[in-house]
Amino acid sequence: MKRFLLWIISVALGVALLLAAVMGVSYAFTTQGGCPDAAAQFGGQELETNGFCWQVPLLGGRLDKVFASPATLTVQKLGTLYTAHPDITLPDWASYTTLTIQTAVGSVVFAGSVSEYQSFLFPANGEYKAAMTLWRVPKGGMATQFEGGSTGALRKNLGLERPAKPTGWYRYSFRFTLQASADIAFSAERVEQGGIVGVRISGMTGDTAPTVETDLGNVQCVRAADGWRAYIPAAYNASSGGHTVNVTVNGETLTHTLVVLPKDFGTVEVDPEPAATDAANAEFRNAVWGLYEAPAREKLWSGGFVNPAENSMTLVDYGQVKVTNGQQGSRSNSTKLYTIPGEPCRAPANGVVVLARNLALTGNTVVIDHGAGMRSYLYGLQALAVSEGQTVKKGQAVGALGEELTMDFKLGSKSVNPWLLFQTSGGLFWKENG
């Protein structure tokens with residue numbers, strides 16, 4: 001019996017010594033090379049680490065070997081960057097990030113994650129200092145569980161993932177000078193009367209809205225993900241030839257010439273319209289005219305617009321000269337369609353309903369603000385299906401059609417031709433990119 005016990009003890013000691021030897025070998029051969037790649041970039045430049053702490057699994061994750069280097073005061077100098085929003089490139093393993101950006105005098109201008117940085121605009125050109133930490137933590141783990149450790153220390157793995165993987169962080173500290181200037185792009189150099197041109201303003205610092213000045217009409221800038229957007233209308237009576245467009249960004253004015261081309265809108269025979277009462281005109285002015293000059297909200301649409309009437313025939317087109325009893329009259333600043341009563345009247349694009357009521361002059365009326373100054377005015381509906389303040393999606397029914405639908409698309413205080421923004425054949429399709 002004693003011999004058997006001695007044998008059991010000797011076997012246990014042998015196994016323990018073997019495990020200790022395996023652990024020793026594993027410990028000895030586990031190097032810092034087991035830590036993830038530290039590759040990260042800011043503004044296209046490779047960043048150098050400024051401190052790290054990694055727990056590399058041993059024995060299938062039963063223990064971790066810790067590699068650590070305390071953060072120092074060393075700051076990497078990246079030099080001058082000429083883009084207003086330097087891109088950050090992260091390694092695939094980064095699951096949790098922190099980023100702080102300060103001015104040269106220590107004022108914090110950004111504090112958050114790298115994903116939140118994507119919508120950040122620097123307040124101005126100048127010198128900045130940044131500190132970034134990238135973590136790889138198991139699902140269900142917290143960064144605070146893996147912050148400590150000293151070089152070479154062994155600790156128990158938390159067992160949060162199988163198979164076990166390295167867990168820890170790299171820190172980066174760097175400074176740079178931002179020297180960015182605005183980039184202005186027009187969707188077209190030429191536009192026909194009744195058309196519209198989009199302006200994309202990017203590569204700028206600060207939140208101050210640019211200003212766009214031109215004799216073609218009132219232009220408002222709205223924020224976009226990469227800067228600002230503006231839309232310049234050329235009314236049907238805009239003078240043909242070159243028009244100066246001045247875009248002022250952060251005190252710098254850039255001048256562009258936009259050429260308006262003449263267009264023959266043609267004529268159309270119409271029946272005499274009964275004169276409206278003073279009361280009806282006053283009601284319309286009070287309800288609608290204020291919307292022409294309302295401040296532009298953020299751009300809500302994307303892609304193509306749809307025709308509010310799925311089945312229709314054009315009776316009067318925008319810009320056509322109306323002829324009554326052989327006498328030429330004014331140009332039409334809207335489009336009138338022959339429609340099928342009872343069919344749904346659709347929202348041309350995403351937007352917010354800013355007017356939905358019955359007016360003596362135009363009947364059941366819906367006005368949708370699509371953002372960036374663009375609004376659609378739909379007159380003569382058989383019934384209403386939306387209320388003011390309601391958000392609508394492209395194609396959503398806003399009411400029922402009557403026998404005729406009058407459509408008026410306005411950009412700021414100028415009417416614009418919907419058929420240069422949109423196509424009548426096969427539906428309405430957005431022509432300007434973005």
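Aromatic pairs and nonpolar cores

Phe42, Phe110, Tyr117, Phe120, Phe122, Tyr128, Phe174 and Phe176 form one aromatic cluster. The model is predicted, so local features need pLDDT of at least 70 and side-chain atom pairs count only at pLDDT 80 or more, while totals for chains, interfaces and linings use all residues. Residues are numbered from 1 along each chain as its sequence is written, and side-chain values use heavy atoms, with hydrogens and water left out.

Rings of Phe, Tyr and Trp (its six-membered ring) are paired if their centres lie within 6.5 Å; planes under 30 degrees apart are stacked, over 60 edge-to-face, and the rest tilted. By this rule there are 22 aromatic pairs. In one of them, Trp54 and Tyr170 have ring centres 5.2 Å apart and planes at 55 degrees, so the pair is tilted. Trp54 belongs to strand 3 (residues 49-58) and Tyr170 to strand 11 (residues 167-178), 116 residues apart; helices (H or I, at least four residues) and strands (E, at least two) are DSSP runs numbered from the N terminus. Buried means under 20% relative accessible area, exposed over 50%, and partly exposed in between (1.4 Å probe, protein chains only). Trp54 is buried at 0%, and Tyr170 is buried at 6%.

Tyr292 and Tyr377 have ring centres 5.7 Å apart and planes at 65 degrees, so this pair is edge-to-face. Because Tyr292 lies in helix 3 (residues 278-292) and Tyr377 in strand 28 (residues 374-381), the pair ties together parts 85 residues apart in sequence. Tyr292 is buried, with a relative accessible area of 15%, and Tyr377 is buried at 0%.

A nonpolar core is a set of buried Ala, Val, Leu, Ile, Met, Phe, Trp, Tyr and Cys residues joined through side-chain atoms within 4.5 Å. The largest one has 29 residues, of which Phe42, Ile101, Tyr117, Met132, Tyr172, Phe174 and Phe176 touch the most other members. At least two residues of this core come from each of strand 3, strand 5 (76-81), strand 7 (96-103), helix 2 (114-117), strand 9 (126-136) and strand 11. Strand 11 supplies the largest share, 5 residues.

Contact means heavy atoms within 4.5 Å. Leaving aside residues up to four places away in sequence, Phe42 touches Leu47, Leu78, Leu81, Pro86, Asp87, Ile88, Tyr117, Phe174 and Phe176.
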